[in-house]
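Subject: A structure for you to explore

Hi there,

Here is the structure I promised to pass on to you. Please open it and have a look around before you read my notes.

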Amino acid sequence: ADNNRLSILPSALSKCKKLQVLSVANNKLENLNCIADLEGLETLNADNNLLQDGAALPLGRLARLRTLSLSGNGLAALPPSLGALGALEALHVSANRLTRLPGEVSLLTGLKTIGIEGNPLQDLNRVQKILS
């Protein structure tokens, strides 16, 4: 559903429990509430939308998620539920408004790739400590 100027996702999407890949990049989405129960989801690409509020990202139950891409959304913060994504291997949050990474990122022990460039991150020593 990339490049479709979508402002909302259909609520019926929440019934697609076996969905593994969802790409909704380059739309006008302000929240992803309907993905909360997509427990089979392994890849989510929501780059270049309007997801400015981390609370609009219900990630806590996406235990199988391996790749999460939220670049170019204007996010000022990532949700604490990010720490529940134990299978996450790649996190792309470049070109947002992040000034800090939540400590929960350190819980992502399987994380192999993180893209954070283009954010006004402060306290780079803390960032390095979280990522090591």
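Below are my notes, going from the whole chain to a few single residues.

Before we start, this is a predicted model: local features need pLDDT of at least 70, side-chain atom pairs count only at pLDDT 80 or more, and totals for chains, interfaces and linings use all residues. Residues are numbered from 1 along each chain as its sequence is written, and side-chain values use heavy atoms, with hydrogens and water left out.

**The whole chain**

The chain has 1 helix and 5 strands, arranged along the sequence as β-β-β-β-β-α. Here helices (H or I, at least four residues) and strands (E, at least two) are DSSP runs, numbered from the N terminus. The C-alpha trace spans about 45 × 25 × 20 Å along its principal axes. For 132 residues, a compact globule would have a radius of gyration near 14 Å, and the chain agrees with this at 14 Å. That radius is taken over C-alpha atoms, and the globule rule is 2.2 Å times the number of residues to the power 0.38.

Of the 132 residues, 41% count as buried. Buried means under 20% relative accessible area, exposed over 50%, and partly exposed in between (1.4 Å probe, protein chains only).

**Two buried asparagines**

Asn-73 sits in the loop between β3 (67-69) and β4 (90-92). Is Asn-73 buried or exposed? Asn-73 counts as buried because its relative accessibility is 3%. Its side chain reaches the backbone oxygen of Ala-46 at 2.9 Å, and a polar atom of that side chain lies 3.4 Å from the backbone nitrogen of Leu-50. Both are polar contacts, meaning a pair of N or O atoms within 3.5 Å; within protein, one must be able to donate a hydrogen and the other to accept it, and residues adjacent in sequence count only if both atoms are side-chain atoms. Leaving aside neighbours within four places in sequence, Asn-73 is in contact (heavy atoms within 4.5 Å) with residues including Asp-47, Gln-52 and Asn-96.

Asn-27 is in the loop between β1 and β2 and is buried, with a relative accessible area of 6%. Which backbone atom of Leu-6 does the side chain of Asn-27 reach? The side chain of Asn-27 reaches the backbone nitrogen of Leu-6, at 2.9 Å. The side chain of Asn-27 also reaches the backbone oxygen of Ala-25 at 3.2 Å. Not counting residues up to four places away in sequence, Asn-27 touches several residues, among them Ala-1, Arg-5 and Asn-48.

**A buried leucine**

Leu-88 lies in the loop between β3 and β4 and is buried, with a relative accessible area of 0%. Beyond its neighbours within four places in sequence, its contacts include Leu-65, Leu-68, Leu-82, Leu-108 and Leu-111. The C-alpha atoms of Leu-88 and Thr-113 are separated by 9.4 Å, although these residues are 25 apart along the chain.

**Two residues with positive phi**

Most residues other than glycine have a negative phi. Asn-26 is not a glycine, yet has a positive phi of about 60°. Asn-26 is in the loop between β1 (21-23) and β2 (43-45) and is partly exposed, at 34% relative accessible area. Ala-95 is not a glycine either, and has a positive phi of about 55°. Ala-95 is in the loop between β4 and β5 (113-115) and is partly exposed, at 46%.

Enjoy exploring!
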